[in-house]
Amino acid sequence: MTSPPQIPAPLTGAELTADSTPVAYEVVDGVAYVTLNRPDYRNAQNSVMTYSLDAAFVKAVDDRGVSVIVLRAHGKHFSAGHDIGTPDRDFHVEYPNTATIYWDHTDRTGGDQRLAREMEVYVGMCRRWRDIPKPMIAQVHGACIAGGLMLAWICDFIVASDDAFFSDPVARMGIPGVEYFAHAFVLGPRRAKEILFTGRRFTAAEALDWGMVNHVVPRDELSTKVAEIAASITEMPPLGLALCKKAVNICEDQMGLRNSMDSVFGWHHFAHSANAEASDGDALGGMDARSMKASGAS
């Protein structure tokens, strides 16, 4: 009988290095580079990655020498989304909650289990990271799919390479978009419906035209463009940057972002439960990583 793979513990701040896995970390000229580092799995997000990301962001916030945080990725793609099928998928593993005060999901079943986990590792973490007081830039190349969008959207700027592409194809699972539901705010209502209804990819050029990204540059110029933007931000006073960020985020929330997300998260979990009832416990509506890829979603 084959023993299950040994899932590593999330990294602590002291364990983060320029080469650490599943998240790498380094500081250059006042900029903290936080790098998704599961390239063999297209940087799919398991819980180990999520909690390691959180440790990296905390380290950057605590470092008074860091003015800007850049979120980027090793390998061919930024992120293929949530881990729904790699050998290191760790849905069943208990990790102490960081973003929410809620019970552990591993000793629960059914909808209770899914809700407890997704409140923490998806919505809770993304909201926590959106409130980071230092400016954050997403440096996106290749695929940015479903849960990958969530990581990009919590950043203040998105700079994409011209080979980047985006999609949220989870309507194929009968689910109304990823958990951090900001679609109508970052895309506008008409584009959000188009992207969700069709599940199609959209290009970096389209994302720029629709206002979802700030800049699109050739792939070989991506890191240079991000470094230039980050350098200009480092010249600004930290408190001024933090207050500007809070001011804009408050405006988004006053326009309904947070309340909308809460409401849609409920429908998201209704969809999971409806799937599970109809198909002997399968909350993903019969879809997995392979079938999602075969559908052209990634």
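Strands β7 and β8 run antiparallel and are joined by 2 bridges; strands here are DSSP runs (E) of at least two residues, helices are DSSP runs (H or I) of at least four residues, and both are numbered from the N terminus. Welcome to a quick tour of this predicted model, in which local features need pLDDT of at least 70 and side-chain atom pairs count only at pLDDT 80 or more, while totals for chains, interfaces and linings use all residues. Residues are numbered from 1 along each chain as its sequence is written, and side-chain values use heavy atoms, with hydrogens and water left out.

**The sheet**

- β7 and β8 belong to an open sheet of 3 strands, ordered β5-β7-β8 with mixed pairing; two strands pair if DSSP finds at least two bridges between them.
- β5 (143–145) and β8 (202–203) are the edge strands, each pairing on one side only.

- Val178 sits in the loop between β7 (165–167) and α4 (183–186).
- Val178 counts as buried because its relative accessibility is 3%; buried means under 20% relative accessible area, exposed over 50%, and partly exposed in between (1.4 Å probe, protein chains only).
- Leaving aside residues up to four places away in sequence, Val178 touches Ala146, Gly147, Met150, Asp168, Val170, His183 and His268; a contact means heavy atoms within 4.5 Å.
- Between the C-alpha atoms of Val178 and Ala160 there are 21 Å, and these residues are 18 apart along the chain.
- Ala146, one of the residues that Val178 touches, lies in the loop between β5 and α3 (147–153).
- Ala146 has a phi near 50°, a positive value in a residue other than glycine, and Ala146 is buried at a relative accessible area of 10%.

**Backbone spots to check**

- Thr21 and Pro22 are joined by a cis peptide bond, with omega at about 10°.
- Pro22 is found in the segment before β1 (23–28).
- Arg42, in the loop between β2 (31–36) and α1 (47–62), also has a positive phi, near 50°, in a residue other than glycine.
- Arg42 is partly exposed, with a relative accessible area of 24%.

**Nonpolar cores**

- The largest nonpolar core holds 67 residues, and Leu53, Val140, Phe166 and Met212 have the most contacts inside it; such a core is a set of buried Ala, Val, Leu, Ile, Met, Phe, Trp, Tyr and Cys residues joined through side-chain atoms within 4.5 Å.
- α1 gives the most to this core, with 8 residues.
- Met212 touches Leu149, Trp153, Ile158, Phe166, Val186, Leu187, Phe202 and Ala207, not counting residues up to four places away in sequence.
- A second, separate core has 13 residues, including Val159, Leu222, Ile229 and Ala230.

**Helices α2 and α9**

- The axes of α2 (residues 110–130) and α9 (residues 257–278) come within 11 Å and cross at roughly 150°; axes are lines fitted to C-alpha atoms, for helices over the stretch in contact, and angles run from 0 to 180 degrees between N-to-C directions.
- That angle makes α2 roughly antiparallel to α9, a label for angles over 145 degrees.
- On the α2 side, residues including Gly111, Leu115, Met119 and Val123 take part in the meeting with α9, where the residues include Leu257, Met261, Phe265 and His268.
- His268 also turns up among the residues that Val178 touches.

Notes. Angles under 35 degrees count as roughly parallel, over 145 as roughly antiparallel, 65 to 115 as roughly perpendicular and the rest as oblique.
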